[in-house]
Amino acid sequence: MKLISLLVTYSLAAALLTAQVVGGGGRGGPGMRLPGMDLPPVPTGPPKKPGTVEGVVSNSVTHAPVKKATVNLRNLRGQYSYVATTDAAGHFLFDSVEPDAAYMLTAACPGFSFQMPSGRSMFSLQPLAVAEEQHVTGAALQLSPLGVISGKVLDEDGDPIPSLIVRALQFDYQQGAKRLAQRGSDTTDDHGEYRIFDLQPGHVYIQAVARPAGPQASGRMHRDRPDEGFPATFYPAAADVTSATAADVTPGAEVTGIDFRVHKVRVYRIRGTAVDAQTQQPVHGAGISALPCASGSDRWGYQTSAGLQPDGAFDLRGLIPGPYCLTIQSNQGGKTSFGRQTVSVADQDVDGVVVAVSPSFALKGVVAAEGPPPESFKNIRVMLSPAEPYGGMYANAGVQEDGSFVLENVVPQAYDLQLSSPPAEGYYLKSIRLGDQDVSAGRIDAIAGATLTLTLASDSGQVAVSVRSASGDPAARIPVIAIPEGDFAARRDMFRTGFTDPNGNATISGLPPGDYQVLALENFGDMNFIQSPDFRKLFAHQGASLTVHANGRDTVSVKLITTEEIEQAKSKLP
Amino acid sequence: MIVRAVSMLLAAAGALAAQPATVEGRVTNTVDGKPVREATVMLRGTVRSGTPPNVDSYVTETGSTGRFQVYLPPGKYQVMPSHSGFTAGLPEPLAGPTLLTLEPGQHAVLALQLVPDGVISGRVVDQDGDPLRNAGVEVLHYSYLYGRRQLSGVRSAVTNDRGEYRAYGLPPGSYYLRASAPPAGGIVMNNERPRRTQPARSFAATFYPDAREAAQTAPLELKPGAELTNVDIRLLREMVYSVRVKLPEPLDGSSRYPNITLLRRPPDSDPFGGYSQTMRNGAFEFDGVPPGSFVLTAALAGAVGKGPVQFARQFVEVTDHDVEVPALDFVSTIEVAGTVKVEGALSSPLQNMRVILLPREPGPDGGNAFVDADGAFVIHYALPEPCQLHVAPVPRGAYLKAVKLGDRVLPDLEVDLTGGARAITILLATDGGRIEGQVRNAEGQPAASVTITLVPDGAHRGRPDRLKTATTGDEGEYLFQEIAPGGYRLFAWQNAEAGAPLDAEFRKPFEKLSVAVTVEPSSRHTVPLNTITVKPASR
């Protein structure tokens, strides 16, 4: 989903630019700093006569013109953009462009992804200048065609299986972890056929997943044969991705005939009771759901649900063997309760499972500052997100003027704590305590009655970063990032970024004291990869390690990590 | 599913009570007569048994010759064959599910038939005939919903990169097809204004082959197992505009923004109902809005689900230019207290009872509250505008006699809190009447699985809660209890389309075939009924 990540990156940059120009509060993530992009001064004086911009959009593989592409001429000051559409010859024209030296041209068309001209990063682009009555011609934009995979899914008898979800997956890094990410999907038709389009080039794994099926009538079912279902299956016939075969998609390619069979297997039931964790009384009036869960997302699947009987009993049917996360969430009279239990199904029904349901509670807390307090605590939001995937409850609360906050509907489980934005200009979240326990690494085990104490500090340091390319030249308009290491590696709110100026120098400020690795990336979009410690290790010699002290001022030199180097590293890792 | 012929052979007379019954048979395709293999045959018990009471269902599958056999305890069962690719449920004009009564040791032989589904396939293209990807295609048919005959979706499909769609699993019937361009969707949070080089145009939702309204087209007739191919739709183009609304300053000084929606009126005239939203310089802008009538709603929830909800609604007409919506007029929800009074003794407590306010126009719900054991309730976030009042469930043994707002009795249960909070009094009574009887068909036989409608007449004809439906049992018997005193009409529908009897317009021509009954406090009536056969022409 390069297109998406580019767009995301772009809008982030646009937001940062807006923030820089307008001076408003940035909407970037925590710790983001303004890029060092050097825009020319805002044009002044009487209104100028407009200029024009024209050019051609072509297919990067066939070099054929691309018609009906949307071309965007964006003013980098973030105030407006012009939109045009290409004709049959791929030609576009903006016939009345306000003179300014801060434009950027991009193109988009269904079935294609946009390629930055010659470079990789939008930050390495020179803004396009349009002078009074100037006719800018010959702008050449390229769109890279996306790929298609098609095929059919049959059962063991060779009959088509309709209504299966077929997923196209690629390996990716998200928040520092390697995982399979879905790039597209389709549902098989009555011929068992699927067609997944708009695929980015690369190794693509294809997986078929069935919805939980079978006649689900209420009451007792007496079947004269075992229940069966289709297990999630990778092309050509694998239960997990390690033994699957990837289809190789090249730009604009259509990979056909990815046909495979899915064999029915016996499915089982999980039966048990829901009880109140405190009173051991049965819980009812709510539902229970089972979601296939395992580390890694190649065990993706549909949720199976059942109701809780008056005696708390439940019966979940049609489960393919594998691990499941059972969750119960009930809302009664405005009061939320939550229960979670992991159960593994092998080759028989699982009986007697007890899921303990705990009532939620309010977790109180207070924000305080070390040293001078910030002007206000009111813009701070405290957010808890479940540390375990597959089910869980989120909680968040705004902080009052006196620094107090109350997180409602918290359940006894592990959470990751974050602040929604930098707490206040120049401040960072220095320590987190739950009761008398130091949980500054960000992971908390919520318990009723304990108080959260969040301490802010303003003694952050800054580092001047000098970025050079492999040839020793200064690398201009490059994002640089400081990533916490050691105890705070999981604290995403401690990441800080900066951008180099035309001389290859950047300043990263607002750094909470601690250990960091500083890296310079040609492509902002590779941020996701660089958050992986495994990935980062490969680039240790190009980056710099650094310990930031309170109010410290440091200087480091780093080498630019190019998009090619990132791509090579991706293929090296398992 | 159709059970065309059910023949039974009694194998053994005077069998032992413990002796199981046997059901065997064959499932065939109605179109080619071929056996359907791997079809599921479910015999669903109609009698609840065991502790806790439960229904027993027996399930088997057909083999390669379409044959099945199942052993089961004697009793009453519904026969339900099914297979993917064949129609589940009952296509009209067939009557209700086939009921089978099995005696001990009985051996029943069934000939079951399944109607194969059909397929509609084709392409969605633009004005030049170029394929449109990710276009939505809806297969629609007319059916009754909420007492009104309207187009509703049966299946939907999405076009692929070649503009192709394939809608499968369609029961035979008359269909309309509507295609729409992929929704723009999403909220863009930036301050950029697009400056277009040409006026904005967009694709309009288009009915096959080339119309804006279903009424301008003829339906596609799909026969059992048929495939209609090359059903291509060329999307019409239309001018589109933007609707801009200035956001109020956050009402409580926080950084929260209201949740704003723009919906077409009537709501079902729009396949997606959402337009691309952009937030620019403190204003909300909907782009790509075609001409038509819309309603814009804005709601700002109270702090973490607490405190009053601020709500605004504005009707918007889009003609041939961009629309600037005047400053939204926010109203705050109000707190309304009420009491439930009961005339007579109630067997079950009031506690599970809920009072619900439903506004006439789209937006948030009007507020609701649970009733305490002593009958008091407080609707914390009631919407100060006309709302329909619902009480659910009405406790067993009681009926909703009257609702008062202040001192005024509400003849149609419409609560209007525009003028501020006034106490709501809900009066329940336990002196309801009872109507029962037997329904016979044109041949004079007891008519099972027939829909009966009890329609309020005269002074309380505007009370939607007094319109009730029931279904006859095996012997054609029916029963209505806890009926509020007043005049009623009773209809027994042999073959009315599902939902149709709730439509006053539909009932009108059959009024002379209905039976009038006047229910007095605690009165009991036995009313025999004859079925009304609806001629296909009027359906």
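This briefing walks through a model with chains A and B, topic by topic. The model is predicted, and the mean pLDDT of chain A is 83. Chain A has 574 residues, of which 37% count as buried, and its secondary structure comes to 4 helices and 43 strands. Each chain has a domain assignment, given below for chain A and for chain B.

**Confidence in chain A**
- In chain A, 86% of the residues reach a pLDDT of 70 or more.
- Among the elements of chain A, strand β9 (residues 147-154) has the highest mean pLDDT, 97, while helix α1 (residues 2-22) has the lowest, 32.

**Domains of chain A**
- The assignment for chain A lists domain 1 (49-145), domain 2 (147-265), domain 3 (271-358), domain 4 (361-457) and domain 5 (461-572).
- Domains 1 and 2 of chain A have C-alpha centres 38 Å apart, and 6 residues of domain 1 are in contact with 4 residues of domain 2.
- On the domain 1 side of this meeting point in chain A, the residues divide into 2 nonpolar, 4 polar and no charged.
- Taking contacts in chain A between residues at least 6 apart in sequence, 71% join residues at least 24 apart.

**Domains of chain B**
- For chain B the assignment gives domain 1 (2-114), domain 2 (118-238), domain 3 (240-332), domain 4 (334-429) and domain 5 (433-538).
- Here 4 residues of domain 1 of chain B are in contact with 4 residues of domain 2 of chain B. The domain 1 side has 2 nonpolar, 2 polar and no charged residues.

**A four-stranded sheet in chain A**
- One open sheet of chain A has 4 strands in the order β4-β1-β8-β6, with mixed pairing.
- Strands β4 (91-97) and β6 (112-115) of chain A each have a single partner strand, so they stand at the edges and one side of each is left without a neighbour in the sheet.
- Neighbouring strands of this sheet are turned by 30 degrees against each other on average, direction ignored.
- Strand β6 of chain A pairs with β8 (residues 135-145) in the antiparallel sense over 4 bridges, and A:Phe112 stands opposite A:Pro145 in β8.

**Backbone details to look for**
- Most residues other than glycine have a negative phi, and most peptide bonds are trans.
- The peptide bond from A:Tyr235 to A:Pro236 is cis, with omega near 5 degrees; A:Pro236 sits in the loop between β16 (233-234) and β17 (247-249) of chain A.
- In chain B, a cis peptide bond joins B:Ala392 and B:Pro393, with omega about -15 degrees. B:Pro393 belongs to the loop between β34 (386-392) and β35 (399-405).
- A:Asn409, in strand β31 (residues 404-410) of chain A, has a positive phi near 55 degrees. A:Asn409 counts as buried because 21 other C-beta atoms lie within 10 Å.
- A:Arg477 is not a glycine, yet has a positive phi of about 55 degrees. A:Arg477 lies in the loop between β37 (461-468) and β38 (479-484) of chain A and is buried, with 22 C-beta neighbours inside 10 Å.

**An exposed loop residue in chain B**
- B:Glu443 lies in the loop between β39 (433-440) and β40 (451-457) of chain B, and counts as exposed because it has 7 C-beta neighbours inside 10 Å.
- B:Glu443 and B:Asn530 are 87 residues apart in sequence and 9.9 Å apart in space, C-alpha to C-alpha.

Note on methods. Residues are numbered from 1 along each chain as its sequence is written. Chains are lettered from A and ligands numbered from 1 in the order in which they are written. This is a predicted model: local features need pLDDT of at least 70, side-chain atom pairs count only at pLDDT 80 or more; totals for chains, interfaces and linings use all residues. Two strands pair if DSSP finds at least two bridges between them. Helices (H or I, at least four residues) and strands (E, at least two) are DSSP runs, numbered from the N terminus. Axes are lines fitted to C-alpha atoms, for helices over the stretch in contact, and angles run from 0 to 180 degrees between N-to-C directions. Domain bounds come from an automatic or database domain assignment. Two residues are in contact if their C-beta atoms, placed from the backbone, lie within 7 Å. Ala, Val, Leu, Ile, Met, Phe, Trp, Tyr, Cys and Pro count as nonpolar, Asp, Glu, Lys and Arg as charged, and the others, Gly among them, as polar. pLDDT is the predictor's confidence in each residue, from 0 to 100. A residue is buried if 20 or more other C-beta atoms lie within 10 Å of its own, exposed if 12 or fewer, and partly exposed in between; C-beta atoms are placed from the backbone.
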